[in-house]
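Student: I'd like to learn how to read aromatic rings and nonpolar cores in a protein model. Can you walk me through it?

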Amino acid sequence: MKRLNNLYYSKRIKELLAELQTAGTTLVVAPMGYGKTLAVQYFLQEQERCGKRVLRQSIYGAGAEAFWQGVCHSWQNTELGAALLQQSLPADANAKTLVLELFRQLLPQEPVYWFIDDLHLLESSEAIDFLFALSKAGFADLHLLLVSRGQIFDGSRLLELGRKVFCLDKHDLALQRDELAEYSSRCGLQLTAQQLDALHEACEGWFSVTYLNFLNYDRYQRFCLDTGSVYEMIANVLLRPLPSEQQRLLLLMGQPEEFTPEQVAYAYGTSCRESVGRLLECNAFIIRLANGRLRCHHMLKQATRHAFGLLPEAEQQMYFRRLGQWYAQQKEYEEALDWLYRGRDFDGLLAAVQQLRDWSMHPQHRQHLFDWLCECPPEILWQYPQAVLIIMRRMFSLNMVPEMLQVKEWYVTALERNTALSQRERDNYYGELEVILSFLAFNSITGMSEHHRRAYKLLSGAPQTLSKQGIWTFGAPSVLGLYLRTGCSLRQTVEDMQECMPPYYLLSGWHGAGAAELTEAEALLLQGRIDEMDMPLQKAYYQAEKHGQECITICCDFLEMQRNLFRGVYSSKAEAYSRHQWQLQPWKQSMLLNSADMCAGFYYALLGKPEYIPSWLTDGNGQQPSVLYPARPCRNYISAQCLLAQGQYTELLVRWSDWEQECRPYSNFLCLLYLQVQRAAAFAGRGDVTSCRASLKQALAMAEADKLVLPLAQNIALLRPYLEQEAQGECSAAAAAALHLGQQMEAGRGQIMSARFAEAGLQELTEQELQIAQLAAARHTNREIAQRLSLSEGTIKQYLNKIFAKLQIDAAAKNKRHQLERFFSNS
């Protein structure tokens with residue numbers, strides 16, 4: 001009796017597969033048709049019989065978003081899965097750290113085998129980086145099984161993983177001569193030694209081609225040893241011999257990535273359960289998945305899709321339309337969209353869109369968004385204003401603004417033409433439109449507020465477009481860095497924020513709560529009115545924490561860190577931020593970890609401790625962690641301050657033009673001011689007096705009207721002599737105020753350094769340096785110290801410069817001896 005569809009695993013293969021139980025990561029890499037998936041599935045079925053947990057994920061597209069959706073789906077119904085749903089695919093170091101921490105904390109306390117198939121289809125470097133980081137982390141109970149036709153990790157990464165990774169390739173999976181003989185015998189074929197030799201030489205152990213030859217031999221008593229293409233073999237052996245109905249059914253099975261027998265029967269259009277069953281029984285290229293669905297092997301899928309493309313276009317559209325309708329009936333609306341579009345069923349397409357309020361959108365939909373509406377007959381489009389609204393919302397998030405504005409006109413027409421809408425429904429749709437259009441007015445507070453107020457009057461409930469969970473600051477640690485648009489507008493900006501945010505709070509359910517009070521506190525800090533900012537800052541803290549707005553809390557911490565520098569109080573929050581030991585739970589947005597890095601980096605740059613600055617803030621060639629586009633100007637001026645602290649003056653000047661240009665689209669005046677001050681400081685650090693004075697004059701002119709002296713004061717160590725000169729010039733008031741505020745910050749910084757870092761600094765001194773430092777702290781002059789130690793005054797001066805550098809005492813400060821005295825009194 002022939003048993004051609006029986007699976008065969010040799011003793012050698014079973015022994016190799018047993019190694020997977022102890023491997024953290026297994027890479028199975030071989031060309032198509034070598035039985036990679038079947039071998040891993042055999043191993044996993046054995047593990048399931050032993051009660052082990054198995055997760056399966058198949059890659060069906062190249063995109064990162066689809067990959068991450070698959071990751072979340074794999075871990076669904078677990079605590080880890082719920083946490084991963086709150087994240088996106090990690091694209092930077094902080095995001096990777098956060099996701100790996102989720103795995104560390106939330107992995108089930110039992111062995112888990114996670115199988116990811118067909119990784120060769122994936123074109124996302126971020127996804128491969130994530131899998132490498134997961135492999136490198138080496139969680140004891142997690143076994144990754146990664147299958148691909150091509151290389152997954154490059155050679156250097158394989159070396160780095162070392163014994164953490166186990167590899168199988170085509171030589172491991174290929175049938176050997178004796179195994180081929182045993183396989184043919186188990187299938188019920190009686191082959192001669194000569195036939196076996198010829199088959200093994202022709203197929204070279206290629207499992208799929210061997211199977212096709214077995215089928216052909218059983219039917220025609222001959223092998224296909226001279227066939228040029230495996231796809232032609234599939235067509236000849238598996239497709240063309242079938243009756244017409246079964247041919248069509250097999251073609252339909254090859255269209256979806258996964259299918260069910262009921263789905264294929266629905267798409268075919270008549271009762272054909274028996275025919276479907278016969279196809280499944282006699283074709284080993286159709287694989288049954290753990291979720292109960294079926295999938296065609298890639299070779300069969302490619303062959304059937306080629307044959308399907310030869311059908312008349314009208315027939316293809318009919319089948320596409322039925323497949324889309326099937327997905328819609330199963331409430332798998334995202335899957336339905338592309339099929340309905342290919343089937344030209346625009347009525348069904350827009351009806352499916354209307355079910356997708358929280359549409360995450362597959363990557364392939366981006367290129368079709370505009371086509372769907374352009375090609376849809378107007379009489380159908382007018383019946384679905386809600387669908388048009390949802391598409392508009394997605395267009396904005398994808399930066400398709402010109403297309404979005406054109407669709408706006410269609411949307412308004414759709415509302416006017418749809419006579420079935422009640423006035424309340426019509427008002428709600430117009431209210432949602434106002435919410436979407438408000439984003440086009442960023443960063444005009446009043447412009448956005450006009451839309452918000454109109455939306456609030458029109459809507460009868462909360463808008464679907466806004467989410468309280470979104471990051472109101474886009475990841476920036478400064479509100480005025482986002483919203484201060486011009487000079488001479490600070491007071492007006494504060495008043496606008498105080499007037500416009502309350503209506504927005506009502507509209508959005510307190511999204512961004514505390515931003516109005518925070519803006520006032522930041523304005524006072526920028527003007528050097530340190531003691532006046534405490535009350536609005538505490539109000540901002542209260543509102544943000546009451547309404548769960550972590551991004552506003554981070555902005556409050558950013559102001560508090562800067563304020564405390566003037567008061568000589570070390571910020572424990574900065575230390576916690578730099579180590580990511582802070583109040584946010586790990587399943588919150590990873591972008592806020594990048595915000596925390598920016599806060600800590602800026603603080604330690606001002607404190608003069610560049611060794612504590614997160615490396616990504618100054619690494620121009622590295623992968624930049626993600627902040628949303630509006631927050632990039634804030635990130636840039638923080639990076640510039642960090643470069644100044646590291647003495648990388650040339651690097652700052654090289655990047656300056658690009659940073660300055662990124663401030664222009666949204667008119668980020670405060671960020672421009674910081675960059676202008678930092679440019680002057682970089683020129684000062686290089687000793688370029690002429691360029692420094694020119695840049696400083698521009699900065700003073702920008703700062704003077706609103707008395708924005710904080711950026712100047714924070715860079716006093718490099719700018720002091722130039723500010724002293726400008727204190728006699730046109731912007732004398734701003735220069736004098738900056739000098740006064742800068743002296744306060746230096747005094748506070750000195751207190752922090754002496755109180756916090758005195759002991760560590762003193763331990764770095766040599767015995768000779770320590771003796772000189774003690775004498776200098778006791779107010780002995782250089783001459784007195786030189787005479788006492790039998791050294792020259794010049795030598796003593798050189799020693800003191802080294803001592804001041806080791807103890808982080810500003811070489812330009814006038815009270816260095818006083819700071820030195822404090823070091824010894826505090827140590």
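This is a predicted model: local features need pLDDT of at least 70, side-chain atom pairs count only at pLDDT 80 or more; totals for chains, interfaces and linings use all residues.

Student: How are two aromatic rings described as a pair?

Tutor: A pair of aromatic rings is described by the distance of the centres and the angle of the planes. In this model the count comes to 30 aromatic pairs. Take Phe602 and Tyr674: their ring centres are 6.0 Å apart and the planes stand at 80°, so this pair is edge-to-face.

Student: Which helices do Phe602 and Tyr674 lie in?

Tutor: Phe602 belongs to helix α33 (residues 591–607) and Tyr674 to helix α36 (residues 669–686), so the pair ties together parts that are 72 residues apart in sequence.

Student: Are those two residues buried or exposed?

Tutor: The cut-off for buried is under 20% relative accessible area. Phe602 has 0% relative accessibility, so Phe602 counts as buried. Tyr674 is at 2%, so Tyr674 counts as buried too.

Student: What about Tyr603 and Tyr604?

Tutor: They also make an edge-to-face pair, with 5.3 Å centre to centre and 75° between the planes. Both of these tyrosines are buried.

Student: Which residues do ring pairs link into a cluster?

Tutor: Look for Phe67, Trp68, Trp75, Phe103, Trp114, Phe130 and Phe139, which ring pairs join into a cluster.

Student: Which rings have the charged end of an arginine sitting over them?

Tutor: Here are two cases. The charged end of Arg342 sits over the ring of Phe320, 4.1 Å from the ring centre. Likewise, the charged end of Arg679 sits over the ring of Trp656, at 4.2 Å from the centre.

Student: Now, how should I think about a nonpolar core?

Tutor: In soluble globular proteins, nonpolar side chains tend to be buried together. Here, the largest nonpolar core has 120 residues, and Trp472 and Tyr483 touch the most other members. Helix α36 gives this core its largest share, 13 residues.

Student: What is Tyr483 in contact with, leaving aside neighbours within four places in sequence?

Tutor: The list is Phe442, Asn443, Ile445, Met448, Trp472, Phe474, Thr493 and Met497. There is also a second, separate core of 91 residues, including Leu323, Val353, Leu381 and Ala387.

Student: Last one: which residues of helix α41 are buried?

Tutor: Helix α41 covers residues 767–777, and its buried residues are Glu769, Ile772, Ala773, Leu775, Ala776 and Ala777. Just after α41, Arg779 takes a positive phi of about 70°.

Conventions. Residues are numbered from 1 along each chain as its sequence is written. Side-chain values use heavy atoms; hydrogens and water are left out. Rings of Phe, Tyr and Trp (its six-membered ring) pair if their centres lie within 6.5 Å; planes under 30 degrees apart count as stacked, over 60 as edge-to-face and the rest as tilted. Helices (H or I, at least four residues) and strands (E, at least two) are DSSP runs, numbered from the N terminus. Buried means under 20% relative accessible area, exposed over 50%, partly exposed in between (1.4 Å probe, protein chains only). A charge sits over a ring if NZ of Lys or CZ of Arg is within 6 Å of the ring centre and within 35 degrees of the ring normal. A nonpolar core is a set of buried Ala, Val, Leu, Ile, Met, Phe, Trp, Tyr and Cys residues joined through side-chain atoms within 4.5 Å. Contact means heavy atoms within 4.5 Å.
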